[in-house]
Amino acid sequence: MTRRLQHDVGVNGSNGDSADGRRTSRTGAAAGASTGRRAAAPAARPRGGRVRMTGKQRREQLLDIGRSVFAERGYDGTSVEEIAERAGVSKPVVYEHFGGKEGLYAVVVDREMQLLLDMVTGALTGGHSRELLEQAAFALMDYIDTSTDGFKILVRDSPVAQSTGTFASLISDIATQVEDILGLEFKARGFDARLAPMYSQMLVGMVALTGQWWLEVRKPGKAEVAAHLVNLAWHGLEGMERHPKLVGDRKA
């Protein structure tokens, strides 16, 4: 649904900042009528002192503002009125570009998910398996550090009407990338490679939840957190039993 919404809102936003444009045209027409000698030159600033933007510029501005407000207030606490007010436009401009709050939110989430996925997959440049684990941990910590608002949005629950674009689905996408690495490592060590998908979910989930905690405390430093994550994950894998058994009484 996220990508469908992104396509739809892209079409809606392609006509430019027409609400502002109509206002500017009326102002220019009035100026031309009052002089009677020459047509009014294109105004650098429409009425109200706002800089006129192209449709693409206005769309990017609304995305930046929406991202900030969603991170600050959450989806339910965000209104089209506030986004429009911060952008210095009327509500119809927001609706024209995105169809409403849900459409804007969908594009913001889609962009953040793609950014994080690209950072993680791009960081996996090869080397020893432990080094690959370090690269993945660092990529997530880097994302949290440089795109804090985006991470806050991703870890919150999505609105009920949105069936995709959740943090859980993103973690699943990243885990799929790790799965291939674990599968090769399992085969080399004589473990059942069919268990690699489950272990990849465990590893990525551990890193993601640690990232949520670090987002609030911001200490120890990023490198130290990554080192401890890899310490737990790597030595846990290194000492793993081929056929683990529960030691307690419960068996089911």
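Tutor: Axes here are lines fitted to C-alpha atoms, for helices over the stretch in contact, and angles run from 0 to 180 degrees between N-to-C directions. This is a predicted model, in which local features need pLDDT of at least 70, side-chain atom pairs count only at pLDDT 80 or more, and totals for chains, interfaces and linings use all residues. Residues are numbered from 1 along each chain as its sequence is written, and side-chain values use heavy atoms, with hydrogens and water left out.

Student: OK, how many helices and strands are there in the chain?

Tutor: The chain has 11 helices and 0 strands, where helices (H or I, at least four residues) and strands (E, at least two) are DSSP runs numbered from the N terminus. Of its 252 residues, 41% count as buried (under 20% relative accessible area, with exposed meaning over 50% and partly exposed in between, for a 1.4 Å probe and protein chains only).

Student: And at what angle do α8 and α10 pack?

Tutor: Helix α8, residues 148–155, packs on helix α10, residues 196–217, at an angle of about 125 degrees, and their axes are 11 Å apart. That angle makes α8 oblique to α10 (under 35 degrees counts as roughly parallel, over 145 as roughly antiparallel, 65 to 115 as roughly perpendicular and the rest as oblique).

Student: Which residues in α8 and α10 meet there?

Tutor: Thr148, Phe151, Lys152 and Val155 from α8 meet Ala208, Gly211, Gln212 and Leu215 from α10, with contact meaning heavy atoms within 4.5 Å.

Student: Is alanine 208 buried or exposed, then?

Tutor: Alanine 208 is buried, because its relative accessible area is 3%. Leaving aside its neighbours within four places in sequence, alanine 208 is in contact with Leu140, Phe151, Phe167 and Ile171. Isoleucine 171 is 37 residues from alanine 208 in sequence, whereas the C-alpha to C-alpha distance between the two is 7.7 Å.

Student: What about glutamine 135, where is its place?

Tutor: Glutamine 135 is in helix α7 and counts as buried at 13% relative accessibility. A polar atom of its side chain lies 3.1 Å from the backbone nitrogen of threonine 125. Not counting residues up to four places away in sequence, glutamine 135 touches Ala123, Leu124, Thr125 and Gly126.

Student: Last one: which residues does a cis peptide bond join?

Tutor: The cis bond joins lysine 219 and proline 220, with omega about 0 degrees, and proline 220 is in the loop between α10 and α11 (222–238). Arginine 218, which is also placed in the loop between α10 and α11, has a positive phi near 55 degrees although it is a residue other than glycine.

Student: Why pick those out?

Tutor: Because most residues other than glycine have a negative phi, and most peptide bonds are trans.

Technical notes:
Polar contact = N/O pair within 3.5 Å; in protein donor to acceptor, adjacent residues only side chain to side chain.
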